[in-house]
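Here is a friendly briefing to read alongside the chain you are about to see. Keep the structure open and follow the residues as they come up.

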Amino acid sequence: TNMGKRMLRDPFRRVVFSAAISFSLNLLYALYHGVLGIINLSIWFTVLCAYYTVLATMRFCTVLCGRKGGPVSSADAAYFTMKLSGVLLVLLSIVLASVNYVSLSQNIAAKYDEIIMITIAVYTFSKLAAVIVKAVRQHENPSPLLAVIRNIGYAEVAAAVLTLQRSMLVSFGSMNNEQAHIMNMLTGAAVCIFVLVLGIRMIGRGMRK
């Protein structure tokens, strides 16, 4: 199809299309956890709904900007999207801090058997590798919209690594409860600070441009 040809020939369209798929998944996860939060009156599911809602909102903004202008889209629109996404990343760091606090205070962590846990670990590290490859490939690309999409990916992968760590510590039980609690607390703080710094940098860059 014509759309398929454009997708194959234009790396920018492929990135925006990938962001559109991720937006759809984030929106479904947000709705799913929102319904569970209402049914179970659960703070845990509510904060997870807020997390995926923020992710979906950021990706919707990038997809909307990409569809309107393409790779040579208006600089004003692209940098406005960067500033808005930066603000949302700051909000996301607060949501992540809430998720981490609830999980630590209520000792919430998903426990899986060894095969499922290894599968989740492989998937998470595959996402991490994909983000690194994308960063290397697009390093010289000046597009602010691609920079926004990359930063959203960094934040999502950082949160995924934190979730993976919590599940692995519970599933494999190599540490006692106190050691696992300290490690989860430190990693959670590092992830929240990382996402916060990403957001502040994006806001600063958008305002300077």
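Arg-59 and Glu-156 join their side chains in a salt bridge, with 2.6 Å from N to O. Keep in mind that this is a predicted model. A search of the whole structure turns up one salt bridge. Arg-59 belongs to helix α3 (residues 43–69) and Glu-156 to helix α6 (residues 144–172), so the pair ties together parts that are 97 residues apart in sequence.

**The salt bridge and its surroundings**

- Are the two partners, Arg-59 and Glu-156, buried or exposed? Arg-59 is buried, and Glu-156 is buried as well.
- The cut-off behind that word is a relative accessible area under 20%.

**The chain as a whole**

- The secondary structure consists of seven helices and zero strands.
- Read from the N terminus, the order of elements is α-α-α-α-α-α-α.
- The chain has 209 residues, and 43% of them count as buried.
- Its accessible surface is about 12,200 Å², and carbon and sulfur atoms account for 66% of that.
- Take the contacts between residues at least 6 apart in sequence: 78% of them join residues at least 24 apart.

**Helix α6 and its partners**

- How do α4 and α6 run relative to each other? The axes of helix α4 (residues 75–105) and α6 come within 9 Å and cross at roughly 5°, and α4 and α6 are therefore roughly parallel.
- On the α4 side, the residues that meet α6 include Ala-78, Tyr-79, Met-82, Ser-85, Leu-89 and Leu-92. On the α6 side, the residues that meet α4 include Leu-145, Val-148, Asn-151, Ala-155 and Leu-162.
- The axes of α6 and helix α7 (residues 177–208) come within 10 Å and cross at roughly 175°. That crossing makes α6 roughly antiparallel to α7.
- Among the α6 residues that meet α7 are Tyr-154, Ala-158, Gln-165 and Leu-169. Their counterparts in α7 include Met-183, Gly-188, Val-191, Phe-194 and Met-202.
- Val-148 is listed among the α6 residues that meet α4, and Val-148 is also listed among those that meet α7.

- Ser-85 sits in helix α4. Ser-85 is buried, and its relative accessible area is 0%.
- Which residues does Ser-85 contact, leaving aside its neighbours within four places in sequence? They are Met-58, Val-148 and Met-202.
- Leu-48 is part of helix α3. Leu-48 is buried too, with a relative accessible area of 13%.
- Not counting residues up to four places away in sequence, Leu-48 touches His-33 and Val-99.
- Leu-48 and Val-95 are 47 residues apart in sequence, and in space they are 8.2 Å apart, C-alpha to C-alpha.

- Which residues make the nonpolar surface patch of about 810 Å²? Phe-17, Ile-21, Leu-25, Leu-27, Leu-28, Tyr-29, Leu-31 and Tyr-32 make it.
- One of these patch residues, Leu-27, lies in helix α2 (residues 11–40).
- Leu-27 is partly exposed, with a relative accessible area of 37%. To be part of such a patch, a residue needs over 30% relative accessible area.

Key: Residues numbered from 1 in each chain as written. Predicted model: local features only at pLDDT ≥ 70, side-chain atom pairs only at ≥ 80, totals over all residues. Heavy atoms only, no water. Patch = residues over 30% accessible without salt bridge, like charges linked within 9 Å, V, L, I, M, F, W, Y side chains within 5 Å. Areas by Shrake-Rupley, 256 points an atom, 1.4 Å probe, with all protein chains shown as cover. Salt bridge = Lys/Arg side-chain N within 4 Å of Asp/Glu carboxyl O. Helix = DSSP H or I, 4+ residues; strand = E, 2+ residues; numbered from the N terminus. Buried < 20%, exposed > 50% of the residue type's maximum accessible area, 1.4 Å probe, protein only. Axes fitted to C-alpha atoms, helices over the stretch in contact; angles between N-to-C directions. Parallel < 35°, antiparallel > 145°, perpendicular 65-115°, else oblique. Contact = heavy atoms within 4.5 Å.
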